[in-house]
Each structure stands twice: as structure tokens, then as C-alpha cells.
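Please open the structure in your viewer and keep the selection tool at hand.

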Amino acid sequence: MKILIMGIDGYIGFPLAMRLLNRGHQVYGLDNYITRRRVSKVGSDSALPILSFHERNRRLKRHFGHQIPFFYGDASNPDFVYKVIEKIRPDAVVHLAEQRSAPYSMIGLREANETMVKNITSTMNLIYAIKDIVPEAHILKLGTMGEYGTPNIDIPEGFFEIEYNGRRDVLPFPKNAGSWYHWTKVHDSNNLMFANRVWNLAVTDVMQGVVYGTKTQEIDETGLYTRFDIDEVYGTALNRFTAEAIIDMPLTVYGKGGQTRGFLSLNDSIQCLTLALEKPPKAGEYRVLNQFDEKYSVGQLAEMVQRIFENEYGKRPEIAHLDNPRVEKEEHYYNPEHRKLEEMGYRRTKIIEEEIVDAISDLSKFRDRIYNLRGTLMPKTFWKLSAYN
Ligand code: USQ
């Protein structure tokens, strides 16, 4: 298949590109390296050193025999997106080119608007370009489990049957996001659903949980790391805990730590996205996949990291319950369905404890680098303080 990855320079984009090359697909990439700039704007850097995309691409040639045709530009620019889609005429487009940090979107009005405008327009550009140029192509769009929020009832995969005042219908499950970032993904989902209804576009809307880990089969084979963020803005729960333990910092659990989310290893995220591409929706179908492996509370994850460190290294990191910088439930019911990917053939590659051990072994090689990032770890972005500065 001819597959375009929008956001190919990111945590998921780069390893996905290598997996798809490995499986014999023709891979194309688009990026403007904005995540590198945004992370540096908040005073941080990837905890694992990464090469420029140009250099990585040169090295891919050694492993896969050729480089990835690459388009530098901004996915929120419609002329650019049209030009790239016209040039490639892809069978599928994976859209990962969005601002992906909840805290970044809550810094203030500028960042909130930037996230709204860039995310929503990039998806609109893609929708129109696909409709006008290759209407049969598959749009694989990265949404988030955070679109649903944490309702006190089970969460279905996108749609549910409801009875109200004696009448029944199948409707989209209500969304209730917890940051401006997460709301942009809700808006994207609504826009994709509408585009599907009007123009019959084939769409997979992936509700992905929190991704963790440093490894995929291809990262091992090529030695080319993907970025790994640990700061309070771009780092995510388990990845942050692992890095914190390495430099003997307390694990930063926010509030009570009962916040429960779906989690998935990087390797399994790549496995799921590959499956979704190779088993596309039917023509004209809008398909929602809840993409995570297991649910955990952040408190459970911190205890897991604590236990693994104690067993493997004989030292037991502290767990600090910090005042929660976010506005969210700290104890709640959480039971999302996630059957479709399993039905499509998804099988977990490794248990979470093994992934944590692997991540520790990769990150330990860069202890000094992580130590130098220690000033970026404590929360500074508070939902209640978000303002126009
Ligand atoms: N948390 C802590 N300590 C930390 C960091 C986070 O307790 O040091 C807590 C948060 O308060 C929250 C939970 O962990 O309750 C998850 O936070 P996170 O920063 O790991 O993830 P989140 O902000 O939800 O966003 C991440 C990705 C985003 C993706 C989302 C999937 O950055 O792109 O969409 O995970 S989900 O969480 O399912 O919405």
C-alpha cells in the first residue's frame, strides 16, 4: 500500500514508518518538526537522543534499501496538504500531525487557540484533500480515549444503543474531554463523522490510551530511537515515572492517584495502527477503535515502577502525591470496551513489567541527560491558572 504518515517525526510516527517499511509498504512522510520546537519552547528535550529526520532517513536506507520520500510543511496549510496528496495519491493516510499535549493546551489562551486551530484545521484539510483527490483512500486518524472522559458507566467503541422517552436509537457516545487538547480531538471526531456521512469517506478514528515505552522491533534492529518526552508538559504518566526513578526523584503522582486510563506499549500501538491499515474499514465506513491494552490507575503504575526498581536495582523510589495541577476525578469508575482490535488479530507482545524493564535499560544509558532535564519534571501548568499572558 502507498501510505502517507502525517507527523512522521513524532514518538509514534517514526516507529510506525519503520514497521510499515518492514512490511513492504511504500511509506511517505510529512512533518514540520514542530514538536521538537514546542518541547524546546517549554525548556525541555527528548530524554533519548534522536537524530534529525534527515539523518534518520539516511540511515533507514541501510536497513530498508531506500529513503522515505519526505515533505516538509505544516499540515494546517491547505495548499501544502493538497499538493502532497495530489503528488502521492495515497491508499491510506495516517494523521498524527497534531499538537498532542494536554498541559500545553492549558498553558494559556495562546496555546489553547494554537492547539484548536492547528489540530482542527489539519484534519479539515485532510478531509477535503481526500474527498477531492482520492475519495476512496482510508483516513486513519489518531484520536484519544480522553475524548470520552470518565463517565460512571461503561464506554462503548464509539456508538451505543440508547432508549429515551420510550424510543431507541444508536448514537455516538457522549464526549466529555478534560483539556482543550482533548476537546480538539472530539471536534475532529465530529468533523470526520460528518465528512463520512456526506461524502462516504472511509475513516478509522482511533481512540488511543496513554502510550509508554522505548522499544519496537525496528528500533532494536536499527538502533534508531524515537523521541521520549518526560517533562511536565510533553511527558506522560508511566514514561515520566520511569525517568524519575532513574534519577532518584520521587514519582510524581498527581493527587490521590486513582485516575484510571487505558495504557498501551509503543510496540503495541504500532501493531494496532498497522492492523487498522492492513484491515481497513469498508468503503464508506466510519469506524471507531478503542486502542489500549489494559487499564491502570496512575497510583498502580507508580507502585509498579517502585516494585521493579526495588527488585532489579535494590533501590525503592519514593512516591510523592503532589497537589493535582489538573481538574479531573481522582477516584472514579472506568470500564471502556476494547474488543474490535482483538477481533482484528491484536495480541499484546509483552507484559507491562517487561516493557518497564526495557525502558529502564534504555534510559539508564542516558542518566546524565535525564538528570539535566530534572528542572522540567515538576508540574508548572495548572488548569485553574490558564490565562491570557
Ligand atoms: N499524571 C500523574 N503524574 C504525572 C503525569 C500525569 O499523575 O506525572 C496523571 C494525570 O493527572 C492524568 C493521567 O496521569 O490523570 C494521564 O496523564 P498523562 O499526562 O499521562 O496523559 P494525558 O495528558 O491524558 O495525554 C496523553 C497524551 C495524549 C493522549 C492521551 C491518551 O499526551 O496525546 O491523547 O494520553 S488518554 O489519556 O487516554 O486521553
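Rings of Phe, Tyr and Trp (its six-membered ring) count as a pair if their centres lie within 6.5 Å. The model on display is predicted.

**First stop: an aromatic cluster**

Select Y33, F53, F70 and Y72, which form one aromatic cluster. Within this cluster, look at Y33 and Y72. Their rings make a tilted pair, with 5.4 Å from centre to centre and 50° between the planes. This pair links distant parts of the chain, as Y33 and Y72 are 39 residues apart. Y72 belongs to strand β3 (residues 70–72), while Y33 is found in the loop between β2 (26–31) and α2 (34–41).

Keep Y33 selected. Is Y33 buried, partly exposed or exposed? Its relative accessibility is 22%, so Y33 counts as partly exposed. Most residues other than glycine have a negative phi. Y33, although not a glycine, has a positive phi of about 60°.

A search of the whole structure finds 11 aromatic pairs. For another of them, select Y128 and W199. The ring centres of Y128 and W199 are 5.1 Å apart and the planes stand at 75°, so this pair is edge-to-face. Y128 sits in helix α6 (residues 109–133) and W199 in helix α7, 71 residues apart. Y128 is partly exposed because its relative accessibility is 35%; W199 is also partly exposed, with a relative accessible area of 30%.

Now select N200, in the loop between α7 and β8 (202–208). N200 is not a glycine, yet it has a positive phi of about 60°.

Select the ligand and display its surroundings. How many residues surround the ligand? There are 23, and the closest are T144, Y181, A237, T252 and E328. The shell divides into 9 nonpolar, 9 polar and 5 charged residues. To see where part of the shell comes from, colour α7 (180–199), α9 (237–246) and β10 (251–254), each of which supplies at least two of its residues.

Next, select the oxygen atoms of the ligand. One oxygen atom is 2.6 Å from an N or O atom in the side chain of T144. The protein covers 94% of the 730 Å² of accessible area that the ligand has on its own.

**Last stop: the annotated domain**

Finally, select residues 3–290, which UniProt lists in an unreviewed entry as "domain: NAD-dependent epimerase/dehydratase". Over these residues the chain is 41% helix and 21% strand, and the end C-alpha atoms are 22 Å apart.

Key. Residues are numbered from 1 along each chain as its sequence is written. This is a predicted model: local features need pLDDT of at least 70, side-chain atom pairs count only at pLDDT 80 or more; totals for chains, interfaces and linings use all residues. Side-chain values use heavy atoms; hydrogens and water are left out. A residue is near a molecule or strand if one of its heavy atoms lies within 4 Å of it. A polar contact is a pair of N or O atoms within 3.5 Å; within protein, one must be able to donate a hydrogen and the other to accept it, and residues adjacent in sequence count only if both atoms are side-chain atoms. Accessible areas come from the Shrake-Rupley method with a 1.4 Å probe; for residues, only the protein chains shown count as cover. Helices (H or I, at least four residues) and strands (E, at least two) are DSSP runs, numbered from the N terminus. Ala, Val, Leu, Ile, Met, Phe, Trp, Tyr, Cys and Pro count as nonpolar, Asp, Glu, Lys and Arg as charged, and the others, Gly among them, as polar. UniProt positions are given in the numbering used here, feature names are shortened, and annotations may be inferred rather than shown by experiment. Buried means under 20% relative accessible area, exposed over 50%, partly exposed in between (1.4 Å probe, protein chains only). Rings of Phe, Tyr and Trp (its six-membered ring) pair if their centres lie within 6.5 Å; planes under 30 degrees apart count as stacked, over 60 as edge-to-face and the rest as tilted.
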